[in-house]
Amino acid sequence: MTTRGRGLADWLDDRVGSRHLRRLILDEPLPAGTAWWFTTGSVLLFGLGVQIVTGIALALYYAPTPDHAWDSVSHITREVRGGAFVRGLHYWGASLMVVAIVVHLLRVVFFGSYRKPRELNWIVGLVLLHVVLAFGLTGYLLPWDQRAYWATVVTINISKLAPLVGDWVASVLRGGPDVGALTLTRWYALHVVVLPATVVGLVAFHLYLMRRQGISGPITPQPGRSELFFPWQAARDLTVVGVVALVLAVLAWRGAPALEPPADPASTDYIPRPEWYFLGFFQLLKYFPGRWEAVGALLVPGLALAWLVFLPWLDRGRSRQPRDRRGVLLVFSAGLAAVTTLTVLGARDRPRASAGEWNLRELAGAALIDDDERCTACHGPDRAAPPVQPGRITRPATWLNAHVDDPLVIAPGLREPPTSIQADTLALRAALARLRSGPPPVHDAPTRHLHVLLNRFCLNCHKIGGVGGTDGPDLSTAGLKFSADQVEQRIIDPKSVKADAEMPALGDKISAEDIRLIAAWVAARK
Amino acid sequence: MSIEDRRSALARLVAGGVAIVGAGLTALVGLVAAPRRREAARRWRRALSMFDLPANRPGAAVLTDRVSDGWYETRTETVVYLDREGEGYRALLSTCTHLGCRVVWDDGAREYRCPCHGGAYDREGRVVAGPPPRPLDRVAVRVNPQTFDLEVEL
């Protein structure tokens with residue numbers, strides 16, 4: 001160190017006691033044989049650091065209101081420099097925290113580290129586990145997409161099941177009459193103020209207790225002298241943290257999963273699924289019917305937690321050897337197996353993927369926005385309302401739904417309210433939800449016209465490519481059975497082919513030319 | 001009164017003061033965090049035209065309300081399933097009685113299915129499978145004799 005550097009260090013030491021502090025932090029005496037298994041805590045500290053830093057970065061751009069939350073997250077992902085990476089880090093960092101805290105817990109259980117005198121620190125650790133899960137839960141409401149909305153609805157309804165205080169807790173968590181603006185700000189405050197303060201305080205206490213009692217060390221005490229944390233154990237910690245950081249960076253580089261469509265309380269085709277670390281709990285809820293609901297939601301997890309809390313008193317023999325703690329480890333492993341099984345079962349219950357190619361209804365909606373007089377009369381360059389720009393839609397889903405149902409409601413003073421056709425309205429709703437995240441595939445004008453026709457006249461009753469009604473047969477592969485001429489005949493007058501056909505004759509509702517277009521397209525579905 | 005007595009009395013006084021400050025701050029947070037209770041008034045409103053009710057299955061109607069949600073004016077959307085029942089009609093709220101997801105009429109299975117935890121209800125709203133604790137909630141329904149609209153009280 002240079003003289004000047006030493007001078008500065010002395011100056012600081014005089015005032016802060018920095019050398020003493022450094023020794024306090026780094027010269028932690030460790031029992032001989034402490035090694036790789038004792039790096040799990042450092043991984044958690046690293047994860048916490050990542051979450052705090054990326055969380056601050058996200059908070060610079062995030063807006064916790066229903067009309068801007070989704071868009072601000074979308075903006076972060078698409079336009080902020082490094083935004084996708086930062087959101088990826090925060091997203092995968094949350095999963096890392098859950099995985100790392102479970103690994104840490106497994107280490108503590110199998111090493112018997114919870115034993116006297118570390119009972120209290122074990123309990124602080126269990127509280128921290130729940131704080132981490134609470135972070136996950138409050139965090140994934142914030143983007144205000146479909147998953148966020150429904151997970152929150154379910155969570156708040158679960159809290160209602162708590163005896164005596166349930167309704168009160170639920171109303172405090174909800175804030176307003178329904179899950180909405182007031183819920184979002186509450187959960188935001190929890191996520192960025194209450195929980196971080198809690199976690200920092202608890203982690204400090206956890207570390208203080210760890211240092212006060214010393215770490216438990218290997219299961220069988222090793223001969224040899226105790227060593228200091230710095231540099232060997234510090235190097236091990238750093239190595240593991242480095243590997244974890246690399247994995248995290250690779251995952252984040254690929255980005256967080258795309259946002260789901262914005263929260264839409266009225267949508268009936270969305271299938272809610274929680275984040276993976278709640279899948280076990282999600283699956284458990286299915287097994288307790290009727291008034292046993294509270295058993296699955298609260299009692300079973302509560303008993304499991306109580307067992308963990310009392311573990312240091314249930315298991316108080318002398319030896320920390322696994323073979324001397326068979327009973328305890330057996331119960332723990334059974335619980336672990338149950339959680340794993342439930343999680344796997346929950347993960348397999350995924351009816352279908354949501355995103356993917358644009359379906360017919362969405363395509364029809366996009367075509368209407370581009371071509372239909374009822375939309376283009378107002379929306380376009382130099383028109384009364386701005387053009388509908390993919391990726392730049394800023395209104396909440398409820399507003400958009402109301403707007404396409406009846407533009408007058410939202411745009412008072414409109415000259416002539418467009419007549420609404422139910423099928424078109426559905427298509428517009430679907431398309432607007434998709435347009436938030438990007439432009440539709442490009443089609444020429446006749447194809448766009450065809451999409452509108454198919455949506456308006458076919459999808460009410462027929463399913464095509466996974467979307468549509470169920471009154472008539474699925475037409476996704478109709479071309480295998482019918483030629484274009486046969487389809488045409490069936491559209492013009494179904495009873496001429498089959499006397500008891502329930503399908504209405506559309507010959508006088510659609511122009512002959514359009515019917516030929518539809519028939520040719522349907523006959524090409526093979 | 002000895003010095004020790006006075007010291008311990010003072011110590012108790014200080015502890016009590018700290019407790020009062022703590023309790024005051026907690027009460028303040030509680031006061032702000034406890035939401036205001038407001039019961040929404042029910043009223044009769046149009047759900048669906050009688051003629052738009054499908055022949056052999058329930059028809060869904062989306063009812064939109066303008067509500068104030070704190071500083072924020074928003075719309076809530078409630079989905080009600082309307083159906084024929086004998087000479088009259090029935091209206092079922094589409095909110096699953098288990099944990100509040102949106103049930104959907106599955107025409108293949110001829111029952112309402114909840115997409116979350118596997119609850120299922122028959123056409124009358126009775127639980128036939130899964131965890132729901134009670135039947136789907138019923139909503140009062142009537143026919144407007146002038147317009148032939150089905151109206152629900154919600």
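S3(B) and strand S4 (residues 88-93) of chain B pair in the antiparallel sense over six bridges. This is a predicted model. Chain B holds one helix and 11 strands. In chain A, 33 residues are in contact with 32 residues of chain B.

**Chain B overall**
- Reading from the N terminus, the elements of chain B follow the order α-β-β-β-β-β-β-β-β-β-β-β.
- The radius of gyration of chain B is 27 Å, whereas a compact globule of 154 residues would have one near 15 Å.
- The C-alpha trace of chain B spans about 90 × 35 × 25 Å along its principal axes.

**The four-stranded sheet of chain B**
- Four strands of chain B make an open sheet, in the order S2-S3-S4-S9, and the pairing is antiparallel.
- S2 and strand S9 (138-139) of chain B are at the edges; each has a single partner strand, so one side of each lacks a neighbour in the sheet.
- H17(A) packs on this sheet and touches S2 and S3 of chain B. The direction of H17(A) makes about 60° with that of S3(B).

**Strand pairs and hairpins in the sheet**
- Strand S2 (residues 59-69) of chain B runs antiparallel to strand S3 (residues 72-85) of chain B, and 11 bridges join them.
- B:Ala60 has B:Tyr81 in S3(B) as its bridge partner. B:Ala61 stands opposite B:Val80 in S3(B).
- The hairpin of S2(B) and S3(B) has two residues between the strands, and B:Gly70 there takes a positive phi near 70°.

**The side of chain A that touches chain B**
- The contact takes in 33 residues of chain A and 32 residues of chain B.
- Four helices of chain A each supply at least two residues to the side that touches chain B: H7 (146-159), H8 (166-174), H9 (181-213) and H17 (397-405).
- H7(A) gives the most to this side, with five residues.
- The residues on this side of chain A divide into 18 nonpolar, 11 polar and four charged.

**A helix pair within chain A**
- Packed helices are described by the angle between their axes and the distance between the axes.
- Helix H21 (residues 484-492) and helix H22 (residues 512-523) of chain A pack at an angle of about 130°, and their axes are 8 Å apart.
- H21(A) and H22(A) are therefore oblique to each other. Angles over 145 degrees would count as roughly antiparallel.
- The crossing of H21(A) past H22(A) is right-handed.
- From H21(A), the contact uses A:Ala484, A:Val487, A:Glu488, A:Ile491 and A:Ile492. From H22(A), it uses A:Ile515, A:Arg516, A:Ile518, A:Ala519, A:Ala520, A:Val522 and A:Ala523.
- The residues of this contact of H21(A) with H22(A) divide into 10 nonpolar, no polar and two charged.

Definitions and conventions: Residues numbered from 1 in each chain as written. Chains lettered and ligands numbered in written order. Predicted model: local features only at pLDDT ≥ 70, side-chain atom pairs only at ≥ 80, totals over all residues. Pairing = 2+ DSSP bridges. Axes fitted to C-alpha atoms, helices over the stretch in contact; angles between N-to-C directions. Parallel < 35°, antiparallel > 145°, perpendicular 65-115°, else oblique. Left-handed = near helix turned anticlockwise from the far one by under 90°. Contact = placed C-beta atoms within 7 Å. Nonpolar A, V, L, I, M, F, W, Y, C, P; charged D, E, K, R; others polar. Rg over C-alpha atoms; globule rule 2.2 N^0.38 Å.
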